[in-house]
Amino acid sequence: MQHSADGRSDGTATVQFPRPGFLASVFRDLGTEEGREPGAAAGRPVESPSGGGPSGESPSGDGPPGDGPSGAAATADGTAGPDPVGPAPGGADPDAAVAAHARAAALTHHRTLTVQAEHDRLADLLRRAALPVSAMDFESQLRHYQPRPYPADGPGADAEEQPEPRWEDFAPAEPPAADPQSGPSRRLLDSGYQRELAQARLTHQRALREWRTRRAEAGSPAADESRRAHEAAEEARARAVREYNESLEECRRAYRLAEPAAVESLLERALAAAETATQDLPAPCRAVFRPLTRAAVLDLDLPPLDLVPSLTGYRLAPDGDVLPVPRPPADRATDYLRLVARLALRALQAADAVDTDEILAGVVLNGWLRDPASAEPLCLVSVDADRDALARTRLLPPGTPYEERDDEGVYADAEQDEALVRLRRLGAAVTPDPYDRVGVQPAARAGATVPAASDLSANEFAQLVRDLLTRGGIAQWSVRLRGPAGLVATGEGAPGTALPGRWVVWASRDTAPVGVEQIETLAEAVGEEAAERGLRLTTGRFTEEVLDLTAEEGHRHIHLIDGAGVRELAHTHLGLPLATGG
């Protein structure tokens, strides 16, 4: 309020103005010319509520132009009055626009933090999925029995052998007298000694009461029954541990005999134990063992594709909309494959670590994406590794499972990721784009109980041929070429066996009949290797021209085994059936 010289109010009001920069910032946001009121921009002076003149001048003329309030006047009692300027152009309130912008910015920040939390969870899963697994062999599964003593047993439990507690054993030592001539009455005045004496009496009374209770209950029927129940429970515990260890030993004997149920049980225990580090990421893995090739086929269920964040964050558009910032599809696919590679390596390591008796000749792992919207699962990764490859390969990256780089954070390029590099060194087939649903051909399938040659992986087929010919007498087996369809190898047969001399073996699994050209090629290879004989083995059949050619004098050193012969050899030498089929 303005006051006259006599101290009375003259009826005018003085308004406290905000900072000069506030109006400029509001007008910039609203697109209005800086330093001018909305009414002035239209060429109209803005009247004050009291009619004292244009806005920016106080009614008394004290205030300089430009220092008026930002659209607010004061009433006679000093309170803020209605906005003299009215709403901003377009009907927008500057304060409401600023508040809406602040809310949108806060929402953008909150959503970005949510996306960042998803990235952090993925990085944590990558770290935990690369942790080494413990070997779940038979020795680690043995249980040990540790007897528990009867609760009433212990020091002083037998009341008949323990003497009655004496006060002399509990009485505290008397404090030394300051004056040797002073009598016992001086010690009775020592407060510390009196507290120790009272505590000792309570302890003696408690010990005496417990001694009398044990003595009274020593020969009671209830005590005898309680002891017998405890001994029976301990005997049951010991028997349970003994029976479990005996069953485990029986499983071990069956495992060493390569019985499928025992091998599959041990493998699935090891695979389940490997998942403990990522229990929040279910990735079950099932195992099927084929005694014919001594190979295990693992079916790994891969995590859903939406586990990997699809956004980098959110940004605030100039018009106030909150817009998502998508990640490049290649980066998202790389992150998913990095996680898949770690899960696959972990399963391979668990299977390799548990096979301490070296029953497995190889492991085939297929990673399946099971989408509820699709009827058939999609294979995204397939590994066909023999025992030698598993032994030569360090399955998990040493130290830090991922490298943090300034330009890529916790994410790395697929060609530089250690887990993917190690997986590809095992000859793995990996999908180039999981989000485009690009699948790979499984190395082998474990559906049929009795597999056919076409159901076997490349390593399994090579192992089968080697076992058959080794049992037949060919030693010093050396594989020269190997592919999905077959192999070329050399071997030495000891004199006196069914297959003496040096051999060149060409084995394949094909449905098309073998023609004369392949026999001529094998004959040339026999000459180049300085071998004595050649063996052409196929799971299919030979043409009539081939049979006539090998009957001639110049090709009698070439021997033939067709699909029926392969099945007969498997039954004769391995004692296991091989189903018909290419």
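1. A crossing is called right-handed if the near helix is turned clockwise from the far one by less than a right angle, and left-handed if the turn is anticlockwise. The points below apply this convention to a predicted model.

2. Which hand has the crossing of helix 8 and helix 9? The crossing of these two helices is right-handed. Helix 8 covers residues 260–274 and helix 9 covers residues 329–354; they pack at an angle of about 135°, and their axes are 9 Å apart. Angles under 35 degrees count as roughly parallel, over 145 as roughly antiparallel and 65 to 115 as roughly perpendicular, with the rest oblique; helix 8 and helix 9 are therefore oblique to each other.

3. As to the residues involved, helix 8 contributes Leu266, Leu267, Ala270, Leu271 and Ala274 to this contact, while helix 9 contributes Arg346, Ala347, Ala350, Ala351 and Val354. Sorted by class, the contact of helix 8 with helix 9 has 9 nonpolar residues, no polar residues and 1 charged residue.

4. Helix 9 also meets helix 3 (residues 94–129): their axes come within 9 Å and cross at roughly 25°. That angle makes helix 3 roughly parallel to helix 9. The crossing of helix 3 and helix 9 is left-handed. On the side of helix 3 the contact is made by Leu122, Leu125, Leu126 and Ala129, and on the side of helix 9 by Asp335, Arg338, Leu339, Arg342, Leu343 and Arg346. These residues divide into 6 nonpolar, no polar and 4 charged.

5. Strand 2 (residues 295–301) and strand 5 (residues 362–369) pair in the parallel sense over 7 bridges, and Asp301 has Trp368 in strand 5 as its bridge partner.

6. The side chain of Asp386 reaches the backbone nitrogen of Ala389 at 2.8 Å. Neighbours within four places in sequence aside, Asp386 is in contact with Ala361, Gly362, Asn459 and Arg482.

7. Strand 3 (residues 311–316) and strand 4 (residues 322–326) run antiparallel and are joined by 5 bridges. The two strands form a hairpin with 5 residues between them, and Gly320 in the turn has a positive phi of about 95°. Leu311 has Pro326 in strand 4 as its bridge partner.

8. A further open sheet of 5 strands has the order 8-9-10-11-12, with mixed pairing. Strand 8 (474–483) and strand 12 (558–561) are its edge strands, each pairing on one side only. Neighbouring strands of this sheet are turned by 20° against each other on average, direction ignored.

9. Within that sheet, strand 10 (residues 501–508) and strand 11 (residues 533–538) pair in the parallel sense over 6 bridges. Val504 stands opposite Gly534 in strand 11. Helix 13 (residues 516–528) packs on the sheet, touching strand 10, strand 11 and strand 12, and its direction makes about 145° with that of strand 11.

Terms used: Residues numbered from 1 in each chain as written. Predicted model: local features only at pLDDT ≥ 70, side-chain atom pairs only at ≥ 80, totals over all residues. Heavy atoms only, no water. Pairing = 2+ DSSP bridges. Helix = DSSP H or I, 4+ residues; strand = E, 2+ residues; numbered from the N terminus. Axes fitted to C-alpha atoms, helices over the stretch in contact; angles between N-to-C directions. Contact = heavy atoms within 4.5 Å. Nonpolar A, V, L, I, M, F, W, Y, C, P; charged D, E, K, R; others polar. Polar contact = N/O pair within 3.5 Å; in protein donor to acceptor, adjacent residues only side chain to side chain.
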